[in-house]
Amino acid sequence: RHAGVLGRLGTPEALGALRQLLEGSEPALRILALWGLAPARDPEDAERARMLLGVEHAGIRKAACMHLGRSGLRAAVPDLISRLVDSVRGVATNALWALRAISALELGPHPDLWRRWWEGAREVGEIESPRNRDDL
């Protein structure tokens with residue numbers, strides 16, 4: 001709860017404290033930091049979350065997926081697609097939610113469909129998400 005309050009404050013000090021937690025080694029604090037940083041929608045924080053998709057701790061992967069969906073980081077789409085087949089169901093579910101949030105599409109939990117959409121979106125130069133990030 002406190003992490004969310006810090007994130008909503010949005011002051012440099014509050015966000016800095018959350019970023020320090022995110023860089024730490026305690027999984028529970030890293031998860032809280034991801035949740036707390038999400039409202040700021042900072043591209044650098046989203047990139048940090050993208051890097052966390054590959055960590056061993058499933059709770060961190062789940063929170064990273066949610067952070068990316070809220071931030072709309074399109075560069076994370078290939079990484080989120082790869083998480084659709086995560087061995088932990090909650091990670092796969094959150095990756096699907098994030099893909100839906102970023103794309104405003106409903107392609108189900110099918111990595112091949114998402115990959116085809118992503119290749120097509122890149123070919124036509126689609127950069128921005130069609131969704132308003134404030135709706136999430």
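A residue counts as buried when its relative accessible area is under 20%. Tryptophan 118, at 10% relative accessibility, therefore counts as buried. The model discussed here is predicted. The protein chain has 136 residues, and 42% of them are buried. Its secondary structure consists of 8 helices and 0 strands.

**Overall layout**

- Read along the sequence, the pattern of the protein chain is α-α-α-α-α-α-α-α.
- Among contacts in the protein chain with a separation of 6 or more, 59% are between residues 24 or more positions apart.
- The protein chain exposes about 7400 Å², and carbon and sulfur atoms supply 53% of that area.

**The largest nonpolar core**

- The largest nonpolar core holds 32 residues, of which Leu34, Leu68, Val77, Leu80, Leu99 and Trp114 touch the most other members.
- At least two residues of this core come from each of helix H2 (12-23), H3, H4, H5, H6, H7 and H8.
- H7 provides the largest share of this core, with 6 residues.
- Leucine 68 is in contact with Ala46, Ala49, Arg50, Leu53, Leu73, Ala76, Leu80 and Ile102, when residues up to four places away in sequence are not counted.

**Helix H5**

- Helix H5 covers residues 58-71, which is 14 residues.
- From its first C-alpha to its last, H5 reaches 20 Å, close to the 20 Å expected at 1.5 Å a residue.
- H5 is mostly covered, since 10 of its 14 residues are buried.
- Those buried residues of H5 are Ile60, Arg61, Ala63, Ala64, Cys65, Met66, His67, Leu68, Gly69 and Ser71.
- The helices against which the buried residues of H5 pack are H3 (27-37), H4 (43-51), H6 (77-83) and H7 (89-103).
- After H5 comes glycine 72, with a positive phi near 75°.

**Histidine 67**

- Histidine 67 is located in helix H5.
- Its relative accessible area is 2%, so histidine 67 is buried.
- The histidine 67 side chain reaches the backbone oxygen of leucine 34 at 3.1 Å.
- With neighbours within four places in sequence left aside, histidine 67 is in contact with Leu34, Leu37, Ala38, Asp45, Ala46 and Ala49.

**The tryptophans of helix H8**

- Two aromatic rings pair if their centres lie within 6.5 Å, and planes over 60 degrees apart count as edge-to-face.
- By this rule there are 2 aromatic pairs.
- The ring centres of tryptophan 114 and tryptophan 117 are 5.8 Å apart with the planes at 90°, so this pair is edge-to-face.
- Tryptophan 117 also forms an aromatic pair with tryptophan 118, at 5.8 Å centre to centre and 50° between the planes, and this pair is tilted.
- Trp114, Trp117 and Trp118 make up one aromatic cluster.
- Helix H8 (residues 111-123) contains both tryptophan 114 and tryptophan 117, which are 3 residues apart, about one turn of the helix.
- Tryptophan 114 and tryptophan 117 are both buried.
- For tryptophan 117 the relative accessibility is 16%, so this residue counts as buried.

Conventions: Residues numbered from 1 in each chain as written. Predicted model: local features only at pLDDT ≥ 70, side-chain atom pairs only at ≥ 80, totals over all residues. Heavy atoms only, no water. Phe/Tyr/Trp six-rings, centres within 6.5 Å; stacked < 30°, edge-to-face > 60°. Helix = DSSP H or I, 4+ residues; strand = E, 2+ residues; numbered from the N terminus. Buried < 20%, exposed > 50% of the residue type's maximum accessible area, 1.4 Å probe, protein only. Expected span 1.5 Å × (residues − 1). Contact = heavy atoms within 4.5 Å. Areas by Shrake-Rupley, 256 points an atom, 1.4 Å probe, with all protein chains shown as cover. Polar contact = N/O pair within 3.5 Å; in protein donor to acceptor, adjacent residues only side chain to side chain. Core = buried A, V, L, I, M, F, W, Y, C linked by side-chain atoms within 4.5 Å.
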